[in-house]
Amino acid sequence: MSSSTSRAHGVDIREAVAGDADDIGRVRHASWQVAYSGLMPADYLAGLSVDGFVLSARRMLADRAARRAEVLVAEVGGVVSGFASVGPSRDADEDRDRVGELYAIYLDPAIWRLGIGARLQEVALQRLRDEGYVEATLWVLATNSASRAFYEHTGWRHDGGVSGFEAGTEVLDEARYRRTL
């Protein structure tokens, strides 16, 4: 893993450290509450807690070496306001030596549409390139038109892959996107 930092337009993008778990959990919770409102069952979203996302972030940061994953954070004004995680594809039909995956990318809703997500994504994809991957995939809720538009604008295309995401008692369709690195 590289420990370099990328700075552009007042945004620092760096490798996450264990102490970032609380901020990652806070960002992910806030993003889910806004991005998935109306796309996921309201009772499912209401049942999600910042503490649950912090616990998930702690696990993600603790086992990233074993999973060959990298986690990056975007700091705006010295505050962690976004994160991305990448690593080998988790899909059984992919060559894990050639295909990486953008596992997650989330920003605090207060900084959406400022170009920070695109910058964070580019640094994350560069990490995959540096690891020797030639393609990348990601999964997005099929009904999440805003995220799908963002991904398409930044070079991703739906490759026909479909899956399901369990949101409480409902299973929501997910679409797989792909791009050349």
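This is a predicted model: local features need pLDDT of at least 70, side-chain atom pairs count only at pLDDT 80 or more; totals for chains, interfaces and linings use all residues.
## The largest pocket

The largest pocket has a volume of about 1,100 Å³. Its lining is made up of 41 residues, and those closest to the centre are Tyr-36, Ile-105, Tyr-106, Ser-147 and Tyr-151. Two or more lining residues come from each of helices H1, H3, H5 and H6 and strands S4, S5 and S6. Strand S5 gives the most, with 7 residues. Sorted by class, the lining has 27 nonpolar, 7 polar and 7 charged residues.

## A salt bridge between H1 and a loop

The structure holds 16 salt bridges. One of them joins the side chains of Arg-26 and Asp-108, at 3.6 Å from N to O. Arg-26 is in helix H1 and Asp-108 is in the loop between S5 and H5, so this pair ties together parts 82 residues apart in sequence. Arg-26 is partly exposed, at 30% relative accessibility.

## A network of salt bridges

Salt bridges link Asp-91, Asp-93, Glu-94, Glu-135, Asp-159, Arg-176 and Arg-178 in a network.

Within this group, Asp-93 and Arg-176 meet at 3.1 Å, N to O. Asp-93 sits in the loop between S4 and S5, while Arg-176 belongs to strand S8, 83 residues apart. Asp-93 is exposed, with a relative accessible area of 55%, whereas Arg-176 is buried, at 8%.

Arg-178 and Asp-159 also form a salt bridge, at 2.9 Å from N to O. This pair links strand S8, which holds Arg-178, to strand S7, which holds Asp-159, across 19 residues of sequence. Arg-178 counts as buried at 19% relative accessibility, and Asp-159 as partly exposed at 30%.

Notes
Residues are numbered from 1 along each chain as its sequence is written. Side-chain values use heavy atoms; hydrogens and water are left out. On a 1 Å grid over the protein atoms alone, a cavity is a set of points where a 1.4 Å probe fits but cannot get out, and a pocket is an open set with protein on both sides within 12 Å along at least five of seven lines; lining residues have an atom within 4 Å of a point. Grid points are joined across faces, edges and corners, and a volume is the space filled by probe spheres set on the points. Helices (H or I, at least four residues) and strands (E, at least two) are DSSP runs, numbered from the N terminus. Ala, Val, Leu, Ile, Met, Phe, Trp, Tyr, Cys and Pro count as nonpolar, Asp, Glu, Lys and Arg as charged, and the others, Gly among them, as polar. A salt bridge is a side-chain nitrogen of Lys or Arg within 4 Å of a carboxyl oxygen of Asp or Glu. Buried means under 20% relative accessible area, exposed over 50%, partly exposed in between (1.4 Å probe, protein chains only).
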